[in-house]
Amino acid sequence: MSIQLALDGVSRSFDGFKAINELSLTVEKGELRAVIGPNGAGKTTMMDIITGKTRPDTGSVMWNQTIDLTEQDEAGAARLGIGRKFQKPTVFETQSVEDNIALSLAGERSVWASLFHRRSPAEATRITEILELVRLEDQRSDQAGDLSHGQKQWLEIGMLLAQDPELLLVDEPAAGMTDAETMRTADLLRDIAGKHTVIVVEHDMEFVRALDCRVTVLHQGHVLAEGSLDHVSANPEVVEVYLGR
Amino acid sequence: MGLIDRRMGIFLAGLFVLTVAIPYGNLAMSGQPVPSYVVSLLGKYLCYALLAVALDLVWGYCGILSLGHGAFFALGGYAMGMHLMREIGDRGVYANPDLPDFMVFLNYEALPWYWHGFDMFWFACIMVLAVPGLLAFVFGWFAFRSRVTGVYLSIITQAMTYALMLAFFRNEMGFGGNNGLTDFKDVLGFDLQSDVTRAWLFGLSGLALAAGLLIAKAITDSKLGKVLIAVRDAESRTRFLGYRVEEYKLFVFVVSAMMAGVAGALYVPQVGIINPGEFSPANSIEIVIWVALGGRGTLVGAALGAILVAGAKTLLTGWLPEVWLFALGALFVLVTIFLPKGVLGLIEGRQKGQSASRERAAARADGVDLEVRPEELRGEEVKS
Ligand SMILES: Nc1ncnc2c1ncn2[C@@H]1O[C@H](COP(=O)(O)OP(=O)(O)OP(=O)(O)O)[C@@H](O)[C@H]1O
Ligand SMILES: [Mg+2]
């Protein structure tokens, strides 16, 4: 197995507060990884750093062992094959559900390509497939802003799938979902893993258990423990700062 | 779908009737029911309408609230004005075959280098597009790359037009100082005072407006248009999908500036003068009011707004000149509060029989957004 993503000694502080502190983390190609940790542990900030939104003060973030992601901007990281679902579901509210997927669909991103773009039959099929997968085919022509919170989560997952990225960063996908939907999300992510690399942040332990994967515990911007869920749950430090609450 | 939907179809049909009927009433009917001054006045409105469409393209669809679009209009106007000045030739007061009157008056020895080529009509036409386009490109390149957005962007566009106004007021700039360029005689050999030439200019303005509307519609209907709306509504999200937001903004800003330049170029021969007043910040703000009043993000609404407000201005400044600015301000406030979708939203809402509250709720989603988002204020995330 080759390494997809390697963070090495990454630190980032905001106004003197170290949100990320000497963080090192390796994720293999095709791996499904859960990241857990208390509020403010730096999970979202870690994703910001990987996706070029935030630049670390020190450290490197290597993509496929060759490209340093700290030199990329958001669009650059996305074009390399990194897709992201946000903690607060962010969809294009005034556009239709279908257009949200169409905009996310993998393909040329240049101005000219967009200006002269014609939707190919293959793209149309793919859009329908994704809408079926996230169960929004009935809402296809609805404005995304009219969807419920849970539906927006699904739409954003659909947008992520449409991008067909090598690495998916999924920040708290289960928030606002019913228990059944939460389990469906877990199944979906397990399916995707293997072909894609997936990093999931979640507070819902049922969900993390359902993912059945290696777990990294972040605390104060640093890796506190790593291993199977049972392994990290047995760690007294983890229990103290997070699970025990 | 198609380029000409119902809204666009009705407007273009109306525009066509107007561009045929007005010259006909002026030139061909006995008793001249349409006086000549009305032809030029309406031609001026059509130029304003094109300018409004240009602004709607960037503001309505991409969220770039430019408070300096008057600058692109004025630059297009100056480019055309320079040609008209050269075409006067030796018929000026000082009868100098090369130098326009104001240059003789200011003791110029020779034509400044940047006036060369403007004796040729085609060259002036290229400059009408190139000068506003280039300014928009350079300005946008710096502004969008450094991720200046929202109120800050609006302020620097305003500063841009203000700086240009001050520069053009100076005699040393070589554009006629505060008098600007005027006393034009003819264009391509046609007398600018003649009714036939004026009718042609009016017709061309109508044609340019139709072309501008269709170009803007084609852009906004394309996938690029959807990316623009995505940028308007969730700029950061768009970046994470791999779109280089600054490139999209730059494209639409440059296209819009060129469109504004064409509007200015058609405006100048019809009003017979271009002076630095056209750069005044108030002018640019008025364009925003046209668009807001007509209906932001609808193109046709923007054109309609420009014509309505300009018409109201002509009437009101005739009757009660002191009242105009207050009336304009009041109109703007009332429209933003009661008609967030503008006049077009009112008309179309009536037709569909939709309840006003629903209209308003829908409008709020894409209404006027002058808010500063916290992420924009976090200086450290801004990359250059
Ligand atoms: N751009 C920023 N400016 C200032 N502080 C920030 C910024 N981004 C993150 N922080 C701070 O960094 C810390 C880590 O935040 P982060 O959002 O990464 O936590 P998290 O692990 O995702 O928490 P949660 O589980 O609540 O989502 C927080 O204290 C947050 O306030
Ligand atoms: Mg978070």
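Colleague: What is A:Q153 in contact with, leaving aside its neighbours within four places in sequence?

Modeller: A:K85, A:P89, A:E172, A:P173, A:A174, A:A175 and A:M177; contact here means heavy atoms within 4.5 Å. Keep in mind that this is a predicted model, where local features need pLDDT of at least 70, side-chain atom pairs count only at pLDDT 80 or more, and totals for chains, interfaces and linings use all residues. Side-chain values use heavy atoms, with hydrogens and water left out.

Colleague: Why is A:Q153 called buried?

Modeller: Its relative accessible area is 0%, and buried means under 20%, exposed over 50%, partly exposed in between (1.4 Å probe, protein chains only). So A:Q153 is buried.

Colleague: What makes the A:Q153 and A:K85 pair a polar contact?

Modeller: Their side chains come to 2.6 Å. The rule asks for a pair of N or O atoms within 3.5 Å; within protein, one must be able to donate a hydrogen and the other to accept it, and residues adjacent in sequence count only if both atoms are side-chain atoms.

Colleague: Which residues coordinate the magnesium ion (ligand 2)?

Modeller: A:T44 through OG1 and A:Q87 through OE1, at 1.9 to 2.2 Å. Donors are N, O and S atoms within 2.8 Å of the metal (3.2 Å for Na, K and Ca), and water is not among the atoms, so sites may look incomplete.

Colleague: Why say that the pair ties parts together?

Modeller: Because A:T44 lies in helix α1 (residues 43-50) of chain A and A:Q87 in the loop between β6 and α3 of chain A, parts 43 residues apart in sequence. A:T44 is partly exposed at 27% relative accessible area, and A:Q87, at 37%, counts as partly exposed.

Colleague: How do you know that A:E156 and B:R237 meet in a salt bridge?

Modeller: N to O is 3.1 Å, and the rule wants a side-chain nitrogen of Lys or Arg within 4 Å of a carboxyl oxygen of Asp or Glu. The count between chain A and chain B is four salt bridges.

Colleague: How much do chain A and chain B bury between them?

Modeller: About 3100 Å², 56% of it on carbon and sulfur atoms; buried area is the accessible area (1.4 Å probe) that two parts lose on being put together, summed over both. In chain A, A:E74, A:F92 and A:V111 lose the most area to chain B.

Note on methods: Residues numbered from 1 in each chain as written. Chains lettered and ligands numbered in written order. Helix = DSSP H or I, 4+ residues; strand = E, 2+ residues; numbered from the N terminus.
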